[in-house]
Amino acid sequence: MDIDKIIEKAGGADEIAALAGVGLEAVRKWRQSRMVPTKHWPALLRVPGIALQDLTADLTAPQPPQEQAQQEQERETDVSNPCPPGANAALVLADGTVLWGRGFGAHTDGAVGELCFSTGMTGYQETLTDPSFAGQIVTFTFPHIGNVGTNADDNEAPKMAALGAVVKEDITAPASWRSHDPLAAWLKQHNRAGISGVDTRAITRTLRDNGPQTAILAFPENGRIDTDSLLNRARQWPGLEGMDLAKEVTQPKRVWTQGVWETTRPARTENRRRVVAMDYGAKDNILRCLVTAGCDVTVLPATATAEEILELKPEGVFLSNGPGDPAATGTYAVPAIRTVLDANVPVFGICLGHQLLAQALGGKTYKLERGHRGANQPVKDIETGRVEITSQNHGFAVDEKSLPTDVKVTHVSLFDGSNEGIASTTKDAFSVQYHPEASPGPSDSFYLFERFVAVMDRRAKAGA
């Protein structure tokens, strides 16, 4: 059955909906499943040009009748491939939930990781290339994903970090002058798969109520999906706790010179400050913000030692975002940060960098029951009382009770009360859990980059 040709013969989606006595949402589901329910066939057969063979033939994959009948018989008897009609991909959760859908992008026999959801309404390309999403399959709560395509400018890292994408609606043709490639083609270039046609609201409720879930996304080329095998693989995955992923996403030493887009904010050109940015999985827009705020930025890989950092004589050290368990990354990152602090160099951290700074100052971290991911997270600045709408992506948090007396809490989440910022009372070191660079997202928190530069300006003026 070629559903698109049938709709065209009926005169379009509005006409076929009226003819069958259904809404346009039902027609959308017909397109998604590639079939019209049999109860509507009598109405459609009254349309000139539509015959019974049009409704019964599988025109999406033309086959000889004997071969088609043989495949249907094999499907009925093959318990390892219970894929329903219209589906060619599956998302299997470790709790046994199986969600069928239509795959897009690159074929995969199963990408396994932590299933999470993001509430951002824009910026799916930035989200998928954010290195903080390494080891995770991203469910988008916003239903229209892929509608503006993809382009070379919106990547936050050289390659896609997320393991896969879960969306509600089928991917449509891009409708943006900035688009270079459709999302499906872009995913294929990055050797990643997506799945559409699933109930993303049900997934979000599951994650909200039951916490993080391990899942596996399968979009096999041969079409055979063994859900029992996938479930077993999902249950064997150890989870993100104890997993150091910063080493997998960090990049070699480099000098970064590009600022934020010229139409947004002019870059500071005088009295620029030397900054070393530690790349635990840094988004490109973070580095742009540092440049625009007035920094000359040298980026070092996550495993750089304190000696390598201090050798560059930085006026400040920035600790970037990144994926994985901060306690695992901290085994090599925290000693370097402590040495930098002992050398009396100002430090500013965000996201994973915030968690690593907290450890270096004597605190601990823990796994959140519900992670924060999206561009609409409210955070309160305790000192000013100001509420900022922030962009966030993290599944771990700083344990405020573990902080020593010389570290104060500066920001708190208005969603769940978890820690969102700290500052040392004895050193020029502060950090926030959220993303002040917010790409995509609000720019309420850009002042934090300016605050970091102001600290370096003050120390330069004082001759420190």
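Modeller: A disulfide is counted where a pair of cysteine sulfur atoms lies within 2.5 Å, and in this predicted model the structure holds zero disulfides.

Biologist: Why are Cys-289 and Cys-295 called buried?

Modeller: A residue counts as buried when its relative accessible area is under 20%. Cys-289 has a relative accessibility of 2%, so Cys-289 is buried, and Cys-295, with a relative accessible area of 1%, is buried by that rule too.

Biologist: Which residues does UniProt place in the feature "active site"?

Modeller: The UniProt record, an unreviewed entry, gives Cys-351, His-435 and Glu-437 for this feature, and such annotations may be inferred rather than shown by experiment.

Biologist: What makes you say that these three gather at one spot?

Modeller: Although they span 87 residues in sequence, no two of their C-alpha atoms are more than 11.2 Å apart, and therefore they gather at one spot.

Biologist: Where in the fold are Cys-351 and Glu-437, and why is each called buried?

Modeller: Cys-351 is in the loop between strand E12 (347-350) and helix H15 (352-360), while Glu-437 is in the loop between strand E17 (429-432) and helix H16 (447-462). The relative accessibility of Cys-351 is 2% and that of Glu-437 is 5%, so both count as buried under the limit of 20%. Among the residues that Glu-437 touches, not counting those up to four places away in sequence, are Lys-283, Ile-350, Phe-449 and Cys-289, the cysteine discussed above.

Biologist: How do helices H14 and H15 cross, and what makes up their contact by class?

Modeller: The axes of H14 (residues 326-342) and H15 come within 8 Å and cross at roughly 65 degrees, and the crossing is right-handed. Residues making the contact include Ala-333, Ile-337 and Arg-338 of H14 and Leu-352, Gln-355 and Leu-356 of H15. By class, the contact has 10 nonpolar, four polar and one charged residues.

Note on methods:
Residues numbered from 1 in each chain as written. Predicted model: local features only at pLDDT ≥ 70, side-chain atom pairs only at ≥ 80, totals over all residues. Heavy atoms only, no water. Helix = DSSP H or I, 4+ residues; strand = E, 2+ residues; numbered from the N terminus. Buried < 20%, exposed > 50% of the residue type's maximum accessible area, 1.4 Å probe, protein only. Contact = heavy atoms within 4.5 Å. Axes fitted to C-alpha atoms, helices over the stretch in contact; angles between N-to-C directions. Left-handed = near helix turned anticlockwise from the far one by under 90°. Nonpolar A, V, L, I, M, F, W, Y, C, P; charged D, E, K, R; others polar.
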